[in-house]
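Reader: I'd like to learn how to read a fold like this one with you. Could we take it feature by feature?

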Amino acid sequence: MPGSDGTTTERRWAAMVGSAGLRVNGSLTIPDAELSWRFSRSSGPGGQGVNTTDSRAELSWDVGASAVLTAGQRERILERLAGRLVGTTLTVAAQEHREQLRNRAAARDRMAATVAGALAPPPRTRRATKPTRGSKERRLTAKKQRSATKSLRSKKPRRDD
(Lines give C-alpha, C1' and ligand atoms only; values in the text may rest on other atoms or scores of the structure.)
Protein backbone atom coordinates (compact mmCIF):
# COMPACT_ATOMS: atom_id res chain seq x y z
CA MET A 1 0.00 0.00 0.00
CA PRO A 2 1.68 3.29 -1.08
CA GLY A 3 2.09 5.85 1.62
CA SER A 4 1.69 3.38 4.51
CA ASP A 5 5.33 3.87 5.50
CA GLY A 6 5.16 7.62 4.88
CA THR A 7 7.83 7.75 2.17
CA THR A 8 5.45 8.54 -0.67
CA THR A 9 3.86 11.34 1.34
CA GLU A 10 7.29 12.72 2.22
CA ARG A 11 8.34 12.70 -1.45
CA ARG A 12 5.12 14.45 -2.51
CA TRP A 13 5.60 16.99 0.30
CA ALA A 14 9.22 17.68 -0.68
CA ALA A 15 8.17 18.18 -4.28
CA MET A 16 5.38 20.56 -3.22
CA VAL A 17 7.35 22.88 -0.92
CA GLY A 18 10.96 22.41 -1.97
CA SER A 19 13.71 22.81 0.60
CA ALA A 20 14.01 26.60 0.67
CA GLY A 21 12.19 26.98 3.98
CA LEU A 22 9.11 28.94 4.92
CA ARG A 23 9.02 32.29 3.11
CA VAL A 24 7.36 34.87 5.37
CA ASN A 25 8.05 38.04 3.37
CA GLY A 26 10.67 39.42 1.00
CA SER A 27 13.32 39.69 3.69
CA LEU A 28 12.58 36.73 5.97
CA THR A 29 12.63 33.01 5.26
CA ILE A 30 12.49 30.53 8.14
CA PRO A 31 14.71 27.51 7.41
CA ASP A 32 13.04 24.10 7.53
CA ALA A 33 15.56 23.05 10.19
CA GLU A 34 13.99 25.50 12.66
CA LEU A 35 10.45 24.18 12.07
CA SER A 36 9.12 21.06 13.75
CA TRP A 37 6.06 19.04 12.81
CA ARG A 38 3.67 16.94 14.90
CA PHE A 39 0.80 14.89 13.54
CA SER A 40 -2.27 13.54 15.30
CA ARG A 41 -5.77 12.37 14.61
CA SER A 42 -8.04 15.08 13.34
CA SER A 43 -11.51 15.94 14.58
CA GLY A 44 -12.40 17.38 11.19
CA PRO A 45 -13.94 15.76 8.11
CA GLY A 46 -12.82 12.33 6.97
CA GLY A 47 -15.51 9.78 7.66
CA GLN A 48 -14.26 6.49 9.12
CA GLY A 49 -10.69 7.35 8.12
CA VAL A 50 -10.61 10.15 10.68
CA ASN A 51 -10.18 7.53 13.42
CA THR A 52 -7.16 5.85 11.85
CA THR A 53 -5.06 8.48 10.05
CA ASP A 54 -2.93 11.24 11.48
CA SER A 55 -4.20 14.05 9.26
CA ARG A 56 -4.01 16.94 11.78
CA ALA A 57 -0.77 18.89 11.38
CA GLU A 58 0.92 21.08 14.00
CA LEU A 59 3.82 23.31 13.00
CA SER A 60 6.04 24.78 15.72
CA TRP A 61 8.81 27.38 15.60
CA ASP A 62 10.97 28.55 18.49
CA VAL A 63 11.11 32.32 18.02
CA GLY A 64 13.58 32.82 20.87
CA ALA A 65 16.14 30.40 19.43
CA SER A 66 15.78 31.41 15.79
CA ALA A 67 18.99 32.40 14.01
CA VAL A 68 17.29 34.24 11.15
CA LEU A 69 15.71 37.02 13.21
CA THR A 70 17.30 40.31 14.14
CA ALA A 71 16.97 41.47 17.75
CA GLY A 72 14.28 43.98 16.74
CA GLN A 73 12.27 41.39 14.82
CA ARG A 74 12.49 38.90 17.69
CA GLU A 75 11.35 41.53 20.20
CA ARG A 76 8.42 42.61 18.02
CA ILE A 77 7.23 39.02 17.44
CA LEU A 78 7.54 38.11 21.13
CA GLU A 79 5.62 41.24 22.13
CA ARG A 80 2.82 40.99 19.57
CA LEU A 81 2.28 37.23 19.79
CA ALA A 82 2.66 36.97 23.58
CA GLY A 83 -0.80 35.46 23.96
CA ARG A 84 -0.11 32.72 21.40
CA LEU A 85 3.35 31.70 22.56
CA VAL A 86 4.24 28.90 24.95
CA GLY A 87 7.57 30.08 26.29
CA THR A 88 9.03 31.40 23.06
CA THR A 89 7.50 28.74 20.78
CA LEU A 90 4.78 29.59 18.28
CA THR A 91 2.54 26.67 17.30
CA VAL A 92 -0.02 26.62 14.49
CA ALA A 93 -2.39 23.71 13.81
CA ALA A 94 -4.48 22.78 10.78
CA GLN A 95 -7.12 20.05 10.56
CA GLU A 96 -9.68 21.37 8.12
CA HIS A 97 -8.73 19.01 5.28
CA ARG A 98 -8.98 15.23 5.00
CA GLU A 99 -5.40 14.82 3.81
CA GLN A 100 -2.31 15.42 5.90
CA LEU A 101 -0.53 17.02 2.94
CA ARG A 102 -3.17 19.72 2.55
CA ASN A 103 -3.20 20.33 6.31
CA ARG A 104 0.59 20.72 6.24
CA ALA A 105 0.29 23.32 3.49
CA ALA A 106 -2.46 25.12 5.42
CA ALA A 107 -0.33 25.15 8.58
CA ARG A 108 2.66 26.58 6.64
CA ASP A 109 0.46 29.32 5.14
CA ARG A 110 -1.02 30.12 8.55
CA MET A 111 2.42 30.28 10.18
CA ALA A 112 3.73 32.61 7.45
CA ALA A 113 0.69 34.88 7.75
CA THR A 114 0.94 35.00 11.56
CA VAL A 115 4.64 35.89 11.55
CA ALA A 116 4.20 38.42 8.73
CA GLY A 117 1.36 40.08 10.65
CA ALA A 118 3.49 40.27 13.79
CA LEU A 119 6.40 41.81 11.87
CA ALA A 120 4.27 44.40 10.06
CA PRO A 121 4.90 47.98 11.15
CA PRO A 122 2.31 49.43 13.51
CA PRO A 123 -0.54 51.35 11.85
CA ARG A 124 -0.40 55.15 11.77
CA THR A 125 -2.02 56.80 14.74
CA ARG A 126 -5.39 58.43 14.14
CA ARG A 127 -5.54 62.19 14.14
CA ALA A 128 -8.62 63.52 15.88
CA THR A 129 -10.72 65.91 13.77
CA LYS A 130 -13.82 67.98 14.45
CA PRO A 131 -17.09 67.25 12.66
CA THR A 132 -17.73 69.64 9.79
CA ARG A 133 -20.54 72.17 9.85
CA GLY A 134 -22.35 70.30 7.10
CA SER A 135 -22.20 66.98 8.96
CA LYS A 136 -23.61 68.64 12.09
CA GLU A 137 -26.49 70.12 10.07
CA ARG A 138 -27.22 66.78 8.38
CA ARG A 139 -27.27 65.02 11.76
CA LEU A 140 -29.70 67.57 13.23
CA THR A 141 -31.95 67.42 10.16
CA ALA A 142 -32.04 63.63 10.37
CA LYS A 143 -32.90 63.83 14.08
CA LYS A 144 -35.78 66.22 13.36
CA GLN A 145 -37.04 63.93 10.59
CA ARG A 146 -36.94 60.87 12.90
CA SER A 147 -38.72 62.85 15.62
CA ALA A 148 -41.46 63.92 13.18
CA THR A 149 -41.91 60.35 11.93
CA LYS A 150 -42.25 58.97 15.45
CA SER A 151 -44.61 61.72 16.57
CA LEU A 152 -46.94 60.86 13.66
CA ARG A 153 -47.18 57.32 15.03
CA SER A 154 -48.57 58.48 18.39
CA LYS A 155 -52.29 58.62 19.04
CA LYS A 156 -52.33 62.01 20.70
CA PRO A 157 -52.50 65.08 18.43
CA ARG A 158 -49.21 66.71 17.47
CA ARG A 159 -48.37 70.27 18.55
CA ASP A 160 -46.69 72.40 15.91
CA ASP A 161 -44.32 75.03 17.24
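Reader: How many bridges join strand S3 to S4, and in which sense do they run?

Author: Happy to start there. This is a predicted model, in which local features need pLDDT of at least 70 and side-chain atom pairs count only at pLDDT 80 or more, while totals for chains, interfaces and linings use all residues. Residues are numbered from 1 along each chain as its sequence is written, and side-chain values use heavy atoms, with hydrogens and water left out. Strands (E, at least two residues) and helices (H or I, at least four) are DSSP runs, numbered from the N terminus, and two strands pair if DSSP finds at least two bridges between them. Here, six bridges join S3 (residues 35-40) to S4, and the two run antiparallel. One spot to look at is Phe 39, which stands opposite Ala 57 in S4.

Reader: What is the strand order in the open sheet?

Author: The order is S3-S4-S6-S5, an open sheet of four strands with antiparallel pairing. S3 and S5 (85-86) are the edge strands, each pairing on one side only. S4 and S6 are joined by six bridges and run antiparallel. Along that pair, Ala 57 stands opposite Ala 94, and Asp 62 stands opposite Thr 89. S5 and S6 pair over two bridges, also in the antiparallel sense, with Val 86 opposite Thr 89. In the hairpin of S5 and S6, two residues lie between the strands, and Gly 87 takes a positive phi near 75°.

Reader: Which strands does H3 touch where it packs on the sheet?

Author: To read packing, look for contact, meaning heavy atoms within 4.5 Å. Angles between axes run from 0 to 180 degrees between N-to-C directions, with the axes being lines fitted to C-alpha atoms, for helices over the stretch in contact. H3 touches S3, S4 and S6, and its direction makes about 140° with that of S6.

Reader: Which residues touch the most other members of the largest nonpolar core?

Author: First the general idea: in soluble globular proteins, nonpolar side chains tend to be buried together. A nonpolar core is a set of buried Ala, Val, Leu, Ile, Met, Phe, Trp, Tyr and Cys residues joined through side-chain atoms within 4.5 Å. Of the 22 residues in the largest one here, those touching the most other members are Trp 61, Val 63, Ile 77, Leu 90, Met 111 and Val 115. Two or more residues come from each of S1 (22-25), S2 (28-30), S4 (56-62), S6 (89-94) and H3 (100-119). H3 gives the most, with seven residues. Zoom in on Val 63: leaving aside neighbours within four places in sequence, Val 63 is in contact with Leu 69, Arg 74, Ile 77, Leu 78, Leu 85, Thr 88 and Leu 90.

Reader: Where is Gly 72 placed, and why does Gly 72 count as partly exposed?

Author: Gly 72 is in helix H2 (residues 71-80). Gly 72 counts as partly exposed because its relative accessibility is 48%. Its C-alpha atom is 9.5 Å from that of Leu 119, 47 residues apart along the chain.

Reader: How does a hairpin join S1 to S2?

Author: The hairpin runs through two residues. Three bridges join S1 to S2, which run antiparallel, and Leu 22 has Ile 30 in S2 as its bridge partner.

Definitions and conventions: Buried means under 20% relative accessible area, exposed over 50%, partly exposed in between (1.4 Å probe, protein chains only).
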